[in-house]
Amino acid sequence: MNALVTLASEVEVPENPLVPPIPELVIGLIAFFLVFGFLAKKLLPNINKVLDERRAAIEGGMEKAEAAQAEAQQVLEDYRAQLADARHEAARLRQEAQEQGAALIAEMRAEGQRQREEIIAAGHAQIEADRKQAAHTLRQDVGKLATDLAGKLVGESLEDHARQSRTIDRFLDELEAKSATDTAKAEAGR
């Protein structure tokens with residue numbers, strides 16, 4: 001066997017630069033597996049832990065963002081509902097104000113109409129009272145003048161008050177009857 005080893009050592013085989021010698025390959029593989037095992041035992045759990053924390057932080061951030069967005073959406077819907085309620089309330093208040101204004105205007109018109117009718121009625125009553133007073137005063141004055149004139153014509157005093165009143169009343173009644181007849185004829189002639 002020695003001979004074979006010698007013979008093999010004498011034969012020169014050209015070495016491939018890409019294939020390393022076997023002892024270096026074995027030592028390199030052992031060193032690789034030792035470093036890989038060390039990294040797998042010590043570094044890989046820390047790396048996985050950091051990655052898990054980062055994933056949790058990202059997912060938590062996304063969940064927080066979704067929660068914040070849902071909350072913002074809820075607040076927006078609440079705001080819109082409050083705005084709609086406020087608009088309805090404003091419309092209701094505006095409608096009530098218009099109704100109250102219309103009722104107040106109608107009430108004021110009714111009050112004005114009532115006052116107007118009271119003033120007109122008072123005016124008519126005053127005119128009627130003044131007319132009666134004027135008629136009474138006129139009747140007295142005409143009666144007095146007629147009595148004085150009749151006394152001068154007859155030559156005797158007509159101082160008896162009862163007789164004077166009867167005479168005056170009869171005279172004025174005749175005048176009123178004649179006036180009414182003239183008025184009726186005038187209207188019939190139209």
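**Reading the labels on a helical model**

Colleague: Why is E111 called partly exposed?

Modeller: E111 has a relative accessible area of 29%. Buried would need under 20%, and exposed would need over 50%. The value falls in between, so E111 is partly exposed. Keep in mind that this is a predicted model.

Colleague: How do you know that R114 forms a salt bridge with E111?

Modeller: Take the closest N and O atoms of R114 and E111: they are 2.3 Å apart. The cut-off is 4 Å, from a side-chain nitrogen of Lys or Arg to a carboxyl oxygen of Asp or Glu. The pair lies within that limit, so the contact counts as a salt bridge.

Colleague: What separates R114 and E111 along helix α2?

Modeller: About one helical turn, because R114 and E111 are three residues apart in helix α2. R114 has 36% relative accessibility, so R114 counts as partly exposed.

Colleague: What makes E118 and R114 a salt bridge?

Modeller: Again, the distance. The N to O value for E118 and R114 is 2.1 Å, and the limit is 4 Å. E118 and R114 both lie in helix α2, four residues apart, about one turn of the helix. At a relative accessible area of 43%, E118 is partly exposed.

Colleague: Are R92 and E96 exposed, partly exposed or buried?

Modeller: R92 is at 37% relative accessibility and counts as partly exposed. E96, at 31%, is partly exposed too. A search of the whole structure finds six salt bridges.

Colleague: Now the nonpolar surface patch. Which residues make it?

Modeller: I22, L25, V26, L29, I30, F32, F33, L34 and F36 make a patch of about 940 Å². A patch residue needs over 30% relative accessible area.

Colleague: Why is I22 called exposed?

Modeller: I22 reaches 59% relative accessibility. The cut-off for exposed is over 50%, so I22 qualifies. I22 lies in helix α2.

Colleague: What does UniProt list for residues 25-44?

Modeller: An unreviewed UniProt entry lists residues 25-44 as "transmembrane region". In the model, this span is 100% helix and 0% strand. Its end C-alpha atoms lie 26 Å apart.

Colleague: How many aromatic pairs does the count give?

Modeller: Two aromatic pairs.

Colleague: Why is the pair of F32 and F33 called edge-to-face?

Modeller: The ring centres of F32 and F33 are 5.6 Å apart, and the planes stand at 65°. Pairing needs centres within 6.5 Å, and edge-to-face needs planes over 60 degrees apart.

Colleague: What makes F32 and F36 a stacked pair?

Modeller: The rings of F32 and F36 are 6.1 Å apart, centre to centre, with 20° between the planes. The centres are within 6.5 Å and the planes under 30 degrees apart, so the pair is stacked. F32 and F36 are four residues apart in helix α2, about one helical turn. Both are exposed. Together, F32, F33 and F36 form one aromatic cluster.

Colleague: What pattern does the chain follow along the sequence?

Modeller: The pattern is α-α-α. The chain has three helices and zero strands. Of its 190 residues, 4% count as buried. The accessible surface comes to about 16800 Å², and 62% of it belongs to carbon and sulfur atoms.

Technical notes:
Residues are numbered from 1 along each chain as its sequence is written. This is a predicted model: local features need pLDDT of at least 70, side-chain atom pairs count only at pLDDT 80 or more; totals for chains, interfaces and linings use all residues. Side-chain values use heavy atoms; hydrogens and water are left out. Helices (H or I, at least four residues) and strands (E, at least two) are DSSP runs, numbered from the N terminus. Buried means under 20% relative accessible area, exposed over 50%, partly exposed in between (1.4 Å probe, protein chains only). Accessible areas come from the Shrake-Rupley method with a 1.4 Å probe; for residues, only the protein chains shown count as cover. Patches are made of residues with over 30% relative accessible area and no salt bridge: like charges are joined within 9 Å, nonpolar side chains (Val, Leu, Ile, Met, Phe, Trp, Tyr) within 5 Å. UniProt positions are given in the numbering used here, feature names are shortened, and annotations may be inferred rather than shown by experiment. Rings of Phe, Tyr and Trp (its six-membered ring) pair if their centres lie within 6.5 Å; planes under 30 degrees apart count as stacked, over 60 as edge-to-face and the rest as tilted.
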